[in-house]
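Try each task before reading its solution.

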Amino acid sequence: MKRTTNYGNWVPTTILRISYGCAAAFLLAFLFSQFYWHNFWAAVITGLLALVAAVIAFFMQVCHHTFSFEGGGLMGEIHQFLIDHLNWNGQGTLLDIGCGAGALTNRCAKQFPEATLRGMDYWGMGWDYAKEQCERNAEIEGVADRVTFSKGDASKLDFADESFDAAVSNFVFHEVKTQPDKRKVVREALRVVKKGGAFAFQDLFGSKALYGDMDEFVDELRREGISEIHCMLHVEKQDFIKKHPFMRLMLQNMGLIYGIK
């Protein structure tokens with residue numbers, strides 16, 4: 001029997017269960033208020049809450065399907081968009097910071113067949129990912145001989161300065177709880193890239209609450225020695241995302257920084 005990869009979803013099944021559970025609970029409360037308790041205002045309130053919860057559950061279901069590799073495939077398109085902006089010849093080593101279930105790592109391995117890759121993740125609570133899952137996916141994809149995975153913290157990478165020829169990261173930096181200053185997380189990622197190496201990082205760079213003025217930040221990085229850096233904000237307005245109207249709500253402030261160290 002053919003084995004299939006399991007890359008999970010940015011809208012985990014747990015979230016879907018909670019959403020549908022809340023909708024069902026409010027619906028039961030509405031039915032109780034309407035037909036047993038006969039309380040008009042309780043029925044109105046619980047009825048409205050049931051309707052709102054049902055709409056949220058439906059929205060989550062649509063997002064889950066759209067992101068899914070087996071469904072709409074948007075997660076894969078987002079990964080490919082990042083790789084398309086990685087100016088690298090594929091010679092040497094690549095680090096995927098916050099690899100999750102290994103989807104981006106394995107896609108990079110197939111894109112750069114001569115590279116050696118390392119996927120790193122904290123694999124904390126709240127995400128349906130694990131190292132064993134990454135290794136199984138890499139084996140199924142046929143890249144296990146060139147890919148390794150390890151546990152780590154993106155705020156303090158367990159690698160020496162200039163260890164990798166390239167580095168990528170996708171929607172990870174804003175999730176790093178051990179470092180509130182997200183600019184420092186970016187600098188830590190750049191630290192392990194060799195001089196002349198390539199990088200491409202996707203995150204909520206359009207959020208001023210997280211990153212402040214990105215033009216100012218990019219200028220700082222140039223002054224600190226990054227030889228080439230580009231910043232693309234509001235990636236959610238790209239055509240491949242715009243074709244999914246609901247997704248623009250989920251992916252607000254999406255940005256990409258890429259270049260050569």
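**Exercise 1: a loop residue**

Valine 172 sits in the loop between β4 (164-170) and α6 (182-191). The model is predicted: local features need pLDDT of at least 70, side-chain atom pairs count only at pLDDT 80 or more, and totals for chains, interfaces and linings use all residues. Residues are numbered from 1 along each chain as its sequence is written, and side-chain values use heavy atoms, without hydrogens or water.

Task: decide whether valine 172 is buried or exposed.

Solution. Take the cut-offs: buried is under 20% relative accessible area, exposed over 50%, partly exposed in between (1.4 Å probe, protein chains only). Valine 172 has 12%, so it is buried. Next, list its contacts (heavy atoms within 4.5 Å). Beyond neighbours within four places in sequence, valine 172 touches Ile97, Gly98, Gln202 and Asp203.

**Exercise 2: two helices**

Task: find how α3 and α4 are oriented to each other.

Solution. Start with the angle: α3 and α4 (residues 103-111) pack at about 50 degrees, with axes 10 Å apart. Angles under 35 degrees are roughly parallel, over 145 roughly antiparallel, 65 to 115 roughly perpendicular, the rest oblique. The pair is therefore oblique. Finish with the residues: Gly76, His79, Gln80, Leu82 and Ile83 of α3 meet Ala103, Leu104, Arg107, Cys108 and Gln111 of α4.

**Exercise 3: a helix span**

Task: compare the span of α2 (residues 40-67) with the expected one.

Solution. The expected span is 1.5 Å times one less than the number of residues.

Key. Helix = DSSP H or I, 4+ residues; strand = E, 2+ residues; numbered from the N terminus. Axes fitted to C-alpha atoms, helices over the stretch in contact; angles between N-to-C directions.
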